[in-house]
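Hello,

Here is the structure we talked about handing over. Please open it first, then read the notes below it.

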Amino acid sequence: MKKIFITTPIYYINDVPHIGHAYTTVAADVLSRYHKQKGEEVFFLTGVDEHGAKIAQAAEKAGSAPQQFIDNLVPRFQDAWKRLNIECSEFFRTTNSKHIKIVQELILQLKERGYVEKRRYKGLYCTGCEKFLMPDELSEGKCPDHGTEPEEHSEENYFFLLSKLTDDLLNIIESEKLEILPESRKNEIVGKIKVGLDDVSISREKVEWGIPFPGDKSQTIYVWIDALINYWSAQEVFDQKNIWPPDIHLMAKDILWFHAIIWPAMLLALDLPLPKKIFAHGFFTVDGQKMSKTRGNVLDPNKLVEKFGADAVRYTLLREFPFGEDGDLSEEKIAHRYQSELSNGLGNLFQRTLSMITKYQIEIPKSETNYQEERRVSKLIEEFKFDQALSEINQEVAKLNQFIEENKPWELAKGDQGKLTGVLSEVYSALWSLVLPISPFMPETAEKMKKQLETLEPEPLFPRLD
């Protein structure tokens, strides 16, 4: 039986992890946990991209050799994911010797099939993006993402003949053999293909920190080609069978081009099966501004977990705005969700219900769990509507708190034991119904809920913030 294969991008490791990395990885972890909950086998892959000029420059600035520099940073990513309760199957590193060998083998295959040739290229190169930019992509002569002027660069490189695959790519995307989500991203990619695709440089002449191009020591393989192949090489690197093709590639919208055009084109040229779905989520600002070290508004996931706990961070990341759209995040917004929905909402509901069951010595009858809530949430998870799934859960919590307020168990305890038992039993059963839908999003909380429902010993799920 095929395993569900879920991937994040491998994150470029020229600096420590930030909340943007966490956003994609938490979403992938929710999907992974959801499929495991359904009894399916899952292979969830994440990791880091360790080659390229930008890393060599960052290492030099730090007074370190590139390998030593990345070896020091890798644990920072692994620790961040551990703190956020990310349960990836494997953590990929592009300096893995098996991966390097596979990358070179695939490049040779592309060359043998007539999809690679050497040419001289002149263009505007942004080191921050690790790619050539067209003049119409610039903003006032600068890279729109990095705010720096690209350098005019001329060198002999190997090119992947992407233009030969234009019609095939258009067909697989329009027919949804390769599904690109959200729909707006698919339309954007189709529009670019219809304008026409240029061949792409897949090697660099003066970048030493990279995989040597097979048969030509003067060149290294372009870092993006190296990175994309991680999805394929993971099968051999981690000795995984029955995982290909990927069921879902998750990423931010700025790298959709590489995943929705260059990567499928390479697979087509190699006659390999294509990924099933690509989902490109939006960006978020912090307090209305783009994250940057200069502004000092880069959110560190480790510090957020220390302050709010892993589950509250996971919850807010996916609750605050729709997954496919741009949005805004801040510590204040996490604190607000924590206080209003988690502590005063879910936490209060558990504390008061179990306290009253114990205080009034209610014998809870065995009852079947109502799976309606779980089915609604499941459908929304499968549609990547994480914010709506969490909204459903939050509405159910609000309804149960309202039900308690309306029925006033503390009044019923004075004389209507039958109704009191009925009211608290209904709420108790509904609490069990929330455990499964909450579990992919907030696994620690779900375990605490389960334990408290079994022991009838309430403890704060979300203690008051200092």
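Helices (H or I, at least four residues) and strands (E, at least two) are DSSP runs, numbered from the N terminus. This is a predicted model: local features need pLDDT of at least 70, side-chain atom pairs count only at pLDDT 80 or more, and totals for chains, interfaces and linings use all residues. Residues are numbered from 1 along each chain as its sequence is written, and side-chain values use heavy atoms, with hydrogens and water left out.

Most residues other than glycine have a negative phi, and most peptide bonds are trans. Leu456 has a positive phi, near 60°. Leu456 sits in the segment after helix H17 (443–455). At 27% relative accessibility, Leu456 counts as partly exposed. The cut-offs: buried is under 20% relative accessible area, exposed is over 50%, and partly exposed is in between (1.4 Å probe, protein chains only).

Phe384 also has a positive phi, about 65°, and is not a glycine. Phe384 is in the loop between helix H13 (372–382) and helix H14 (386–407). With a relative accessible area of 7%, Phe384 is buried.

Two cis peptide bonds to look at. One joins Leu181 and Pro182, with omega about -10°. Pro182 is in the loop between strand S7 (179–181) and helix H6 (183–195). Another joins Trp244 and Pro245, with omega about 0°. Pro245 is in the loop between helix H8 (230–237) and strand S12 (248–252).

Helix H10

Which residues of H10 (301–308) are buried? They are Pro301, Asn302, Leu304, Val305 and Phe308. These cover an arc of only 165° around the axis, so they are on the same side of H10. The arc is that of the directions from the helix axis to the C-beta atoms. Lys303, Glu306 and Lys307 are exposed on the other side of H10.

The cover over the buried residues includes helix H1 (19–37), helix H3 (66–83), helix H11 (310–319) and helix H12 (331–359). Asp300 caps the N-terminal end of H10, with a side-chain oxygen 2.8 Å from the backbone nitrogen of Asn302. Gly309 follows H10 and has a positive phi, near 90°.

Core

The largest nonpolar core has 152 residues. Such a core is a set of buried Ala, Val, Leu, Ile, Met, Phe, Trp, Tyr and Cys residues joined through side-chain atoms within 4.5 Å. Ile19, Phe160, Leu318, Phe386 and Phe441 touch the most other members. Leaving aside neighbours within four places in sequence, Ile19 is in contact (heavy atoms within 4.5 Å) with residues including Pro301, Leu304 and Phe284.

Aromatic rings

The structure holds 23 aromatic pairs. Rings of Phe, Tyr and Trp (its six-membered ring) pair if their centres lie within 6.5 Å; planes under 30 degrees apart are stacked, over 60 edge-to-face, the rest tilted. Trp224 and Phe258 are stacked, because their ring centres are 3.9 Å apart and their planes are at 5°. Trp224 lies in helix H7 (residues 223–228) and Phe258 in helix H9 (residues 256–269), so the pair ties together parts 34 residues apart in sequence. Both Trp224 and Phe258 are buried.

One aromatic cluster is formed by Phe5, Phe43, Phe92, Tyr231, Trp232, Phe238, Trp244 and Trp263.

Best wishes

Note on methods. A polar contact is a pair of N or O atoms within 3.5 Å; within protein, one must be able to donate a hydrogen and the other to accept it, and residues adjacent in sequence count only if both atoms are side-chain atoms.
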